[in-house]
Structures are given as C-alpha cells and as structure tokens.
Amino acid sequence: MNAGRRRFIRFGGQLIGASALGGTAWRIFTGSDASAEFSQPNNPYVWRINLDKCNFCGLCETACVRKPSAVKAVNDPTKCSYCVACYGHISDLNVSSEMIQDKGVRVCPYDAVTRKQLSGGKDGYHIYAIDEAKCTACGKCTKRCNELGTKSMFLVIRPDLCIGCNRCNISAVCPKNAIERAHSYPEDDFKGDYELEMQMKAAEGEVPDTPNAQES
Ligand code: SF4
Ligand code: SF4
Ligand code: SF4
C-alpha cells in the first residue's frame, strides 16, 4: 500500500460516520461510485476539518457561506458506546431510561440527536444518530461527546453540500486553524497512469520521451 493510499484511508476514516451521511460521503471518498451526486466532481481538492484541532467552537454553523451550513455532525458507530444515556443527547444523565425520550433535556437546540433502543431492553444498548435535516453544525453535541464521552461525535464538511469555495469562509475565522484543504483522491494515484501514457505516446512517436529529446 503506497503512502498516498494510506493517507487517503486515514482521511476517509474521519468520515466513518458515513452511515449517518447516507453513504454519500463515503462513496465520494472511496471513489466506489462515480455517479455519486456531489457539487464539484472534478475538483481535486476538498475542505476538511482536522479533528485533532477542532474544539467545536460553533463557528462552523454561522461562517459557512451556505445556509444552512455545509458542515454536519455525525456519530461514528465504531466509537460510540451505545449508552443508555448519551452526553451528546441529554444534558442531565440522571434520568431513567424510560423517561429520557419525554423528559430528557436535549443538548441539541433542534432535537437533531436521535435515540433508538438496539438490544438488551430499556437499560441495554441504544443507537444515537444525527438527523442531518435538523443539524445546523452548532457543535454542542460534539463538544460534550468529546469532552465527556468517547469522542464518537464530530463535525464534517459534507462534500455533497460544500460548494468548494476557493478559500473556505470557515477557515478565515476558525480559532483553531482546523480547516484544511486536502486532495479528494490519493494525490499520487494517477501519476503512474500519466507516466505510462506518456511512455506509450513516446513509443508511438507522438510526444518526446524526455525533456532532452524535446530540445534536440
Ligand atoms: S470553526 Fe474551527 S474550531 Fe470551530 S467548530 Fe469549526 S472547525 Fe471546529
Ligand atoms: S447539537 Fe448542534 S451539531 Fe449537534 S446535532 Fe444538534 S445542531 Fe447538530
Ligand atoms: S468551502 Fe464554502 S461551502 Fe464549503 S464549508 Fe467552506 S464556506 Fe462552506
């Protein structure tokens, strides 16, 4: 596995919450579906949030040029503990399981964090997800999960929502310098193909093989 591929997979790992994204982002970043709908299919770059830097300050909600923001919260199912009570869901965890739905004080101002029983009865495992239609990227749920929980909730710039501004407006105000530009595909993946193509053309006499050949 080459270095570009490893970097790419690490980057894609940040989007492992793709189940919460309906799979769109995952398809884009794995390149497994060329017909996936997104705004700039030929753009070699995307903007992304460096999760090692982001402190969920809330500016992603308001600074994006898109309204609502192209940023959304996701919950990574591989990191979530499926707790009875979730830090990102309710602010006071001292509520019995059966009362959480009706009485739990929501962290999200828009009640976008959903809770569903998975197994083990009312005190067993529960699935928490983000209703993307309601999420404005305020960062409240992600902040609590990262400060108190397992860091399974985080913010992503959705490639299918982002219009790929030349300079991301959020990057201009982010206090943690957490907005980064990254290749939307492994940056060295196509180099081999290009070099092979040039060699074949050179063999056919279409283009010079080397710069020296061009000069002579
Ligand atoms: S502006 Fe920066 S620090 Fe604030 S939520 Fe967005 S990426 Fe995170
Ligand atoms: S708390 Fe904020 S970031 Fe979390 S789901 Fe609600 S709107 Fe989205
Ligand atoms: S590049 Fe533009 S559309 Fe995309 S997240 Fe930044 S400000 Fe929003």
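A residue is buried if 20 or more other C-beta atoms lie within 10 Å of its own, exposed if 12 or fewer, and partly exposed in between, with C-beta atoms placed from the backbone. This is a predicted model, in which local features need pLDDT of at least 70 and side-chain atom pairs count only at pLDDT 80 or more, while totals for chains, interfaces and linings use all residues. Residues are numbered from 1 along each chain as its sequence is written, and chains are lettered from A and ligands numbered from 1 in the order in which they are written.

**The whole chain**

Show the cartoon. The chain holds 7 helices and 6 strands; these are DSSP runs numbered from the N terminus, helices being H or I with at least four residues and strands E with at least two. Their order along the sequence is α-α-β-α-β-α-β-β-α-β-β-α-α. Of the 216 residues, 32% are buried.

**The core**

Select Val71, Ala73 and Leu155. They have the most contacts inside the largest nonpolar core, which has 40 residues. Such a core is a set of buried Ala, Val, Leu, Ile, Met, Phe, Trp, Tyr and Cys residues joined through C-beta atoms within 7 Å. Strand E1 (45-49), helix H3 (59-63), E2, strand E4 (125-130), H5 and E5 each give two or more residues to this core. E5 gives the most, with 5.

Stay on Ala73. Beyond its neighbours within four places in sequence, Ala73 is in contact with residues including Ile130, Cys141 and Leu155. Contact means C-beta atoms, placed from the backbone, within 7 Å.

**Helix H5**

Select residues 140-148. This is H5, and 7 of its 9 residues are buried. Among them are Lys140, Cys141 and Arg144. The buried residues of H5 pack against strand E2 (71-75), strand E3 (113-119) and strand E5 (153-157).

Select ligand 2. Which element gives the largest share of its shell? H5 does, with 3 residues. Of the 15 residues around ligand 2, the nearest are Cys108, Ala112, Cys135, Cys138 and Cys141. Here a residue is near if its C-beta atom, placed from the backbone, lies within 6 Å of the molecule.

Move to ligand 1. It has 15 residues around it, and Cys54, Cys57, Leu59, Cys60 and Cys174 come nearest.

Then take ligand 3. Of the 13 residues around it, Cys64, Cys162, Cys165, Cys168 and Asn169 come nearest.

**The hairpin**

Select E3 and E4. They run antiparallel, joined by 6 bridges; strands pair if DSSP finds at least two bridges between them. Arg115 has Tyr128 in E4 as its bridge partner. Gly120, in the hairpin, takes a positive phi near 85°.

Now show the side chains of E4. His126, Tyr128 and Ile130 point to one face and are buried.

Zoom to Lys67 and Pro68. A cis peptide bond joins them, with omega about 5°. Pro68 sits in the loop between H3 and E2.

Next comes Tyr82, in the loop between E2 and helix H4 (97-103). Phi of Tyr82 is near 55°, a positive value in a residue other than glycine. Tyr82 counts as partly exposed because 16 other C-beta atoms lie within 10 Å.

Finish at Lys151, in the loop between H5 and E5. Its phi is also positive, near 65°. Lys151 has 14 C-beta neighbours inside 10 Å, so Lys151 is partly exposed.

Methods
Contact = placed C-beta atoms within 7 Å.
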